[in-house]
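Q: I'm new to this one. Can you put it up and walk me through it?
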Amino acid sequence: MIMPTPIAKQHSDKGLSSILVCPKCHERIYYCPIPGCTKQFRMGRAGWDSHVTSFRLHPNWLPDIKDGDKRKSKFRKDFLEWFKN
């Protein structure tokens with residue numbers, strides 16, 4: 001079994017986000033940087049916006065913000081580095 005290898009790591013006070021690349025297929029795997037989340041985004045970050053706006057998936061992240069647009073905006077600010085690679 002060929003395991004993906006890290007190509008970048010971003011640290012923040014909000015958690016650790018890793019971007020991995022599979023050495024066999026060169027697919028990038030982006031892990032959701034929200035602490036406690038195990039979501040993997042394959043083939044790019046498609047679907048990140050609906051994922052982070054879900055209060056059901058992240059009840060402990062920004063529990064006082066229920067509005068999806070506000071959660072999305074906060075994610076963009078808090079995890080800016082996640083979008084740079």
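Q: What kind of model is it?
A: It is a predicted model.

Q: How many helices and strands are there in the protein?
A: The protein has two helices and four strands.

Q: And in what order do the elements run from the N terminus?
A: The order is β-β-β-β-α-α.

Q: What share of the residues count as buried?
A: The protein has 85 residues, and 35% of them count as buried.

Q: What about the accessible surface, how much is there?
A: About 5,500 Å². Carbon and sulfur atoms make up 54% of that surface.

Q: What share of the contacts join residues at least 24 apart?
A: Take the contacts between residues at least 6 apart in sequence: 25% of those join residues at least 24 apart.

Q: Let's go to H2. Which of its residues are buried?
A: Arg71, Lys72, Phe75 and Asp78 are the buried residues of H2. They sit on the same side of the helix, because they cover an arc of only 135 degrees around the axis.

Q: What do those buried residues pack against?
A: They pack against helix H1, residues 48-53.

Q: And which residues are exposed on the other side of H2?
A: Asp69, Lys70 and Lys77 are exposed there.

Q: Which residue caps the N-terminal end of H2?
A: Asp67 does. One of its side-chain oxygens lies 3.3 Å from the backbone nitrogen of Asp69.

Q: New topic. How many salt bridges does the structure hold?
A: Three. Side chains of opposite charge can pair when their charged atoms come close.

Q: Which residue does Asp69 meet in a salt bridge?
A: Lys72, with an N to O distance of 3.9 Å.

Q: How far apart are Asp69 and Lys72 in helix H2?
A: They are three residues apart, so about one helical turn separates them. An α-helix has 3.6 residues a turn, so residues three or four places apart point the same way.

Q: Is Asp69 buried or exposed? And Lys72, buried or exposed?
A: Asp69 is exposed, at 54% relative accessible area. Lys72 is buried, at 19%.

Q: Which residue pairs with Lys74?
A: Lys74 meets Asp78 in a salt bridge, at 3.2 Å from N to O. Those two are four residues apart in H2, so they too are separated by about one helical turn. Lys74 is partly exposed, with a relative accessible area of 30%, while Asp78 is buried at 18%.

Q: What about Glu81, which residue does its side chain meet?
A: Lys84. Their salt bridge spans 3.1 Å, N to O. Glu81 is partly exposed at 39% relative accessible area, and Lys84 is exposed at 53%.

Q: Are Cys32 and Cys37 buried or exposed?
A: Cys32 counts as buried, at 4% relative accessibility. Cys37 is buried as well, with a relative accessible area of 19%.

Terms used. Residues are numbered from 1 along each chain as its sequence is written. This is a predicted model: local features need pLDDT of at least 70, side-chain atom pairs count only at pLDDT 80 or more; totals for chains, interfaces and linings use all residues. Side-chain values use heavy atoms; hydrogens and water are left out. A salt bridge is a side-chain nitrogen of Lys or Arg within 4 Å of a carboxyl oxygen of Asp or Glu. Buried means under 20% relative accessible area, exposed over 50%, partly exposed in between (1.4 Å probe, protein chains only). The arc is that of the directions from the helix axis to the C-beta atoms. Contact means heavy atoms within 4.5 Å. A polar contact is a pair of N or O atoms within 3.5 Å; within protein, one must be able to donate a hydrogen and the other to accept it, and residues adjacent in sequence count only if both atoms are side-chain atoms. Accessible areas come from the Shrake-Rupley method with a 1.4 Å probe; for residues, only the protein chains shown count as cover.
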